[in-house]
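Have the sequence and the picture open while you read.

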Amino acid sequence: MPNALFDEITSRSSQMSRTFLREPGGRTITYAGMQEHSARFAHALRVAGVKVGDRVAVQVEKSAEALFVYLACVRAGAVFLPLNTAYTPAEISYFLGDAQPSLFLCDPAKAAALRVVAAEAGARLETLGADGKGSFASLGQQQPAAFENAERGPDDLAAILYTSGTTGRSKGAMLSHENLASNARALVETWRFSAEDVLLHALPIFHTHGLFVATNVVLFSNASMIFLPKFDPAQMLALMGEASVMMGVPTFYVRLVDHPGLTRAATAKMRLFISGSAPLLAETHRAFEGKTGHAILERYGMTETNMNTSNPYEGDRIAGTVGFPLPGVALRVTDPETGTPLPADEIGMIEVKGGNVFKGYWKNPEKTAAEFRPDGFFITGDLGKVDRRGYVHILGRGKDLIITGGYNVYPKEIEGEIDALPGVNESAVIGLPHKDFGEGVTAVVVPVKGAALSEKDILAAIEQRLAKFKQPKRVIVVDELPRNTMGKVQKNVLRETYRDLYRA
Ligand code: AMP
């Protein structure tokens, strides 16, 4: 039966003998194999009681089989719901209670702890391990290698991805077949993907980046990927001779730049390096280009919208910007209070509209209504601007904006000044409760290894460069910044840690 997303995957990856996925030192799975594995798992879903429209929650380690569960859900008309492998049973309990899946797949090692949690939510529990084995895999092995896909149209749900939830509870973003397909089409075109490409895949697959951006772009171009359980710079460098594209979070690039093996020769066969999910420091962009000759292509997206913008494939890839809106995506910057569109170069709220934008938050119509404008634009929560050449700049999350003495301070501007100082590796600027100013601008700074940096030096160095109200009231020097698994600096953690700094 017609199935919007899977039919498009099948028609675009028609060369069945081509490699879909290869594990270094392990298996090679062709597109024919992808069809078979996903068919067996789609049958296994039915045997496990999953009906069309049911949610299938998974908290499993990265494996080819885990990807086949995603594809099996698409084929069986179920809603795939991947969960971060770091979540504790208490957190899983919230997600299962909220999403009410009929099936929950977890790692065999966690089954004992999660059995009760699944039972409480009314979900059947099956297992799937990093080695691709487990009760669900066994169920799959007994099933036929062909499956009649469930009928699903463009607007039917393919997945629910919970947002990282840095403020309050995470919310489930409902993504339709067309949300995923339209984005994959736009990215294949923008990044010039073809069946000749081999992608280095070292990202987790519970997040939009490794799951949808990486995997769907490969599936939509009949390309291949080298599938790695985790990021290891030496292994990535060793494999670059066999690959053509790498997708990574900024931390991957920071670690590659630090590696002595990163050279022009090591990257000579690669055609494209893509970064996203968190801001790439302009310094990393420059250092990488200096060592390899490759300008990293930075793009911007989020769980709710898939990808929104990308630096150009041909044309200037400008460090510190996220490029232009993708084909089919409309982007504007508005006054956060009134929603009135702002002219070029003015900072405001980034709003987007297009086939990529999600269908709303699961079981949360109020929150959904609050984040869309009447004309259908989604309020991303990211502050930014569009410059005169049309490049989009992200200046941080709206909730990270600091209001001190009635003035708005954009953390990114202050971070840029501090990062440019000798001896500074990176910084995070946050607002902390302050009785006189409302919020006190505060910088948390990481020195480069071996550099002696003091609060006094930093304050003195930026005194001439920033207006008084933008200057940090305090500077805290630390060894490293707290980051989540996607490499995003957790400013909420910093705000919590230093909450009482100005209360003493
Ligand atoms: P997530 O939903 O976990 O993918 O997080 C999405 C958020 O990450 C966005 O709303 C941005 O704040 C941030 N983000 C993603 N890509 C970039 C980028 N290239 N530069 C700056 N921030 C980014």
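## Before we start

Helices (H or I, at least four residues) and strands (E, at least two) are DSSP runs, numbered from the N terminus. Axes are lines fitted to C-alpha atoms, for helices over the stretch in contact, and angles run from 0 to 180 degrees between N-to-C directions.

This is a predicted model, where local features need pLDDT of at least 70 and side-chain atom pairs count only at pLDDT 80 or more, while totals for chains, interfaces and linings use all residues. Residues are numbered from 1 along each chain as its sequence is written, and side-chain values use heavy atoms, leaving out hydrogens and water.

## Helices α4 and α5

Look for helix α4 (residues 89-99) and helix α5 (residues 111-120): they pack at an angle of about 25 degrees, and their axes are 9 Å apart. That makes α4 and α5 roughly parallel, therefore (the label for angles under 35 degrees; over 145 is roughly antiparallel, 65 to 115 roughly perpendicular, and the rest oblique).

Which residues of α4 meet α5? They are Pro-89, Ile-92, Ser-93 and Leu-96, and their partners in α5 are Ala-113, Leu-114, Val-117 and Ala-118. Contact here means heavy atoms within 4.5 Å.

## Helices α2 and α3

Now find helix α2 (residues 31-47) and helix α3 (residues 64-76), which pack at about 65 degrees with axes 8 Å apart. The two helices α2 and α3 are therefore roughly perpendicular to each other. Among the residues that meet are Phe-41 and Leu-45 in α2, and Phe-68 and Val-69 in α3.

## A three-strand sheet

Next up is an open sheet of three strands, in the order β22-β23-β24 and with mixed pairing. Two strands pair if DSSP finds at least two bridges between them. Strands β22 (424-434) and β24 (474-477) sit at the edges with a single partner strand each, so one side of each has no neighbour in the sheet.

β22 and β23 (residues 438-447) run antiparallel, joined by 10 bridges. His-434 stands opposite Gly-438 in β23. Helix α13 (residues 411-419) lies across β22 and β23, at about 140 degrees to β22.

## Salt bridges

How many salt bridges does the structure hold? There are 30, each one a side-chain nitrogen of Lys or Arg within 4 Å of a carboxyl oxygen of Asp or Glu. One of them joins the side chains of Asp-316 and Arg-389 (3.1 Å, N to O). This pair links distant parts of the chain, 73 residues apart: Asp-316 is in the loop between β14 (306-310) and β15 (324-325), and Arg-389 is in the loop between β18 (378-386) and β19 (392-397).
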